[in-house]
Amino acid sequence: MKSSSVEQLILDLYAQHSTEEAHFTAQEVYHHIKPRLPSVNQSTIYRALERMTRAGKVSVSDMGLGAAVYEAVGNEHHHHLVCQECGRVQTIKDESVGRLFRQIERENNFEVLTNHLVLFGRCHACRSKSDPD
Ligand SMILES: [Zn+2]
Ligand SMILES: [Zn+2]
């Protein structure tokens, strides 16, 4: 089996989902790809994802799910706010985070390569439940 065909199937998988949806663990990618490529095994998927991450086609992040989450690197960067209580994930645009990164780069003479930031906290609903005011 050609590794390039696995990569193509993974890219197709991302193309079929919206930015919001297209966050998959290696396990989820495997379950999506398996029906289309029955000979594939989990380590092939894992290696393909690693290779695509190094090539900058995919980004990997910890979204508090216990497993790394992979997503295609699109043209539009975005970030997430994850509620630790209910697990709700909000997607935010790069504008304010990008500004912060540029400032950090200037102040520290450091090039930030992180392109997908996940911040953990408590969402509006959970906050109003626990401290009503
Ligand atoms: Zn994301
Ligand atoms: Zn919440």
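Predicted model: local features only at pLDDT ≥ 70, side-chain atom pairs only at ≥ 80, totals over all residues.

User: Start with C126. Is C126 buried, exposed or partly exposed, and why?

Analyst: C126 is partly exposed, because 15 other C-beta atoms lie within 10 Å. Buried takes 20 or more other C-beta atoms within 10 Å of the residue's own, exposed 12 or fewer, and partly exposed is in between; C-beta atoms are placed from the backbone.

User: Where does C126 sit, and what is C126 in contact with?

Analyst: C126 is in helix α5, residues 124–130. Setting aside neighbours within four places in sequence, C126 contacts C83, E85 and C86. A contact means C-beta atoms, placed from the backbone, within 7 Å.

User: Zoom out. How many helices and strands?

Analyst: Five helices and six strands. From the N terminus, the order is α-β-α-α-β-β-β-β-α-β-α. These are DSSP runs numbered from the N terminus: helices are H or I with at least four residues, strands are E with at least two.

User: What does the C-alpha trace span, and how much of the chain is buried?

Analyst: The trace spans about 55 × 40 × 20 Å along its principal axes. Of the 133 residues, 12% count as buried.

User: How is the chain divided into domains?

Analyst: Domain 1 is 1–75 and domain 2 is 76–133. The bounds come from an automatic or database domain assignment. Their centres, taken over C-alpha atoms, are 23 Å apart.

User: Now helices. At what angle do α2 and α3 cross?

Analyst: Roughly 115°, with the axes of α2 (residues 26–33) and α3 (residues 42–54) coming within 9 Å. Axes are lines fitted to C-alpha atoms, for helices over the stretch in contact, and angles run from 0 to 180 degrees between N-to-C directions.

User: Which residues make that contact?

Analyst: A26, V29, Y30 and I33 from α2, with Q42, I45, Y46 and L49 from α3. They divide into seven nonpolar, one polar and no charged.

User: Switch to strands. How do β2 and β3 run?

Analyst: Antiparallel, with five bridges joining β2 (residues 58–62) to β3 (residues 68–72). Strands pair if DSSP finds at least two bridges between them. S61 has V69 as its bridge partner in β3. The two strands form a hairpin with five residues between them, and G64 in the turn has a positive phi of about 75°.

User: What's the strand order in the open sheet?

Analyst: β5-β4-β6, with mixed pairing. The edge strands are β5 (89–93) and β6 (118–121), each pairing on one side only. β4 (residues 78–83) pairs with β5 in the antiparallel sense over five bridges. H80 has T91 as its bridge partner in β5.

Methods
Residues numbered from 1 in each chain as written. Chains lettered and ligands numbered in written order. Contact = placed C-beta atoms within 7 Å. Nonpolar A, V, L, I, M, F, W, Y, C, P; charged D, E, K, R; others polar.
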